[in-house]
Amino acid sequence: MMRGKHIVIGVTGGIAAYKSVYLVRLLQEAGADVRVIMTAAATRFVGTETFAALTRHDVAVDIFPKSGDEISRNWTRHIQWGEWADLLVVAPCTANTLGRIVHGITDDMLTATILAARCPVLLCPTMDGEMYKAPSTRANLQKAADFGFHLMAPGAGYLASGLEGPGRLPEPVEIRDKIVELLETGVKPSRSSADTDKPANDNQDSMVGGSEDSPAGETKDNTVGGILNSAASDSGTGPLLNRKVLVTAGATREYLDPVRFLSNPSTGKMGCAMAQAAHDMGATVILLHAAAVDLSRLSASIDTLTFESAEDLFEKVKKHSGADVVIMTAAVSDFRPASRSEHKVKKEEAPDSLTLERTPDILQWLGKNRRAGQVLIGFAMETQNLEERAREKLLKKNADWIVANNLREEDAGFAVDTNRILLIGPETSHHVEGSKKSVAEAVLRAVFAR
Ligand code: CTP
């Protein structure tokens, strides 16, 4: 995957520095030649020897080598390493290093190399939740975004401080996947402002054209920019800034009695991906979800509320139907038992057949009662005639967009982490496939590119 690629990993002084050791191993396993630069603070968490032994390269910390001999040979090491790298990754990237990078302060080997590097730079901001949300960090993330650095949004959850919130370094595997994505898509050089100073052909190897599979006709780099905004989303950036977005996720349950229900296999993964993508684009998100949906990877600032039946979901959707955007990802049962027994029905007393009645069609109600300017995105689960049936739903439900999945396709539909969808608008349609996360981001980019 990465054979022959040169990757410089910058490690800064946070408890997550230990994860960088695993990251180095993963990159080497994928065939990359890895060098490590540590800040002085990082060496308090992990020893330089660990990385030196793994990478079989010197680990750089100081910008100036120590002995006289080395100085004459090596004082431009930050320039050489910057030239050597195909990609530079700072993981973890503390608030302090982030601040130094975006203000051009080059008081150590890492920040000097980043300033000198011509390759793309991926920053993985990692810090305590409150530090992450602090105005100075938010402004620095925005600056990093403006300068064209690639950003990987931190995870939310329990932090080393004992507090909970956004700020965790993503798992090494996730960072490795992100690196693969950046290398495979041939990302643009990170710092667009520096491009004007370079000979034109300097950029050629690493440029991508307009990406054909990008529904909005945007470049892959903008795709990354969307993700980049995700890191800064608490900082109030992105195309959905100040927009209220309502998302529904998971399967409804229609109980026959206290222990039996009609439902479907939806796990709510796609709905969560839509909620996270909207949040990452700056939206204020409320997620209505089935109780069984796994919310552990969602940003802490997404508001969540559970639902059970279609009727329950309908009532909750109505309460929040003033949102600027409604995304109906939930797999809503179309039928419910006409009656529900208060007590568990003994099998001897069970009827031979069930009488069903229709549940409310929530998306159709939204389509009829929409307010001006509201954007309605529905989903469609089909097993045949995908486009035709999804187009019918678009019209029947008066939605703006339908995200259609074919349940018969591999790597798509219920419970898996990937999806293959056809995004259908009144005039256009786009095929998108990939992880549910990337599909969700692509859908929102396509919809809000207009
Ligand atoms: N939907 C809804 N209320 C329902 C059924 C579905 O709001 N009672 C929404 C879903 O959340 C989805 C869209 O309508 O966004 C299409 O759902 P789908 O199950 O594919 O289609 P149905 O309208 O239920 O039609 P059918 O089952 O006949 O294909």
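**Stop one: the pocket**

Start with the lining of the second largest pocket, which divides into 15 nonpolar, 14 polar and ten charged residues. Here Ala, Val, Leu, Ile, Met, Phe, Trp, Tyr, Cys and Pro count as nonpolar, Asp, Glu, Lys and Arg as charged, and the others, Gly among them, as polar. A pocket is an open set of points on a 1 Å grid over the protein atoms alone, with protein on both sides within 12 Å along at least five of seven lines, and lining residues have an atom within 4 Å of a point.

A word on what you're looking at: this is a predicted model, where local features need pLDDT of at least 70, side-chain atom pairs count only at pLDDT 80 or more, and totals for chains, interfaces and linings use all residues. Residues are numbered from 1 along each chain as its sequence is written, and side-chain values use heavy atoms, with hydrogens and water left out.

Now select A331, V332, D334, M381 and K393: of the 39 lining residues, these lie nearest the pocket's centre. Next, color α12 (269–280), α14, β16 and α15 (386–396), which each supply at least two residues of the lining. Helices (H or I, at least four residues) and strands (E, at least two) are DSSP runs, numbered from the N terminus.

**Stop two: the ligand**

What takes up the space of this pocket? The ligand does; a molecule sits in a pocket if more than half of its atoms lie within 2 Å of its grid points.

Show the 16 residues around the ligand, and pick out M328, A330, F379, K393 and K397, which come nearest. Being near means having a heavy atom within 4 Å. β16 gives the most to this shell, with four residues.

At I362, a backbone N or O atom lies 3.0 Å from a ligand nitrogen. At L363, a polar backbone atom is 2.8 Å from a ligand oxygen. M381 also has a backbone N or O atom 3.0 Å from an oxygen of the ligand.

Most residues other than glycine have a negative phi, and most peptide bonds are trans. Go to N385, in the loop between β16 and α15: its phi is positive, about 45°, although it is not a glycine. Finish at P92 in strand β3 (residues 87–93), where a cis peptide bond joins A91 and P92, with omega about 0°.

Notes. A polar contact is a pair of N or O atoms within 3.5 Å; within protein, one must be able to donate a hydrogen and the other to accept it, and residues adjacent in sequence count only if both atoms are side-chain atoms. On a 1 Å grid over the protein atoms alone, a cavity is a set of points where a 1.4 Å probe fits but cannot get out, and a pocket is an open set with protein on both sides within 12 Å along at least five of seven lines; lining residues have an atom within 4 Å of a point.
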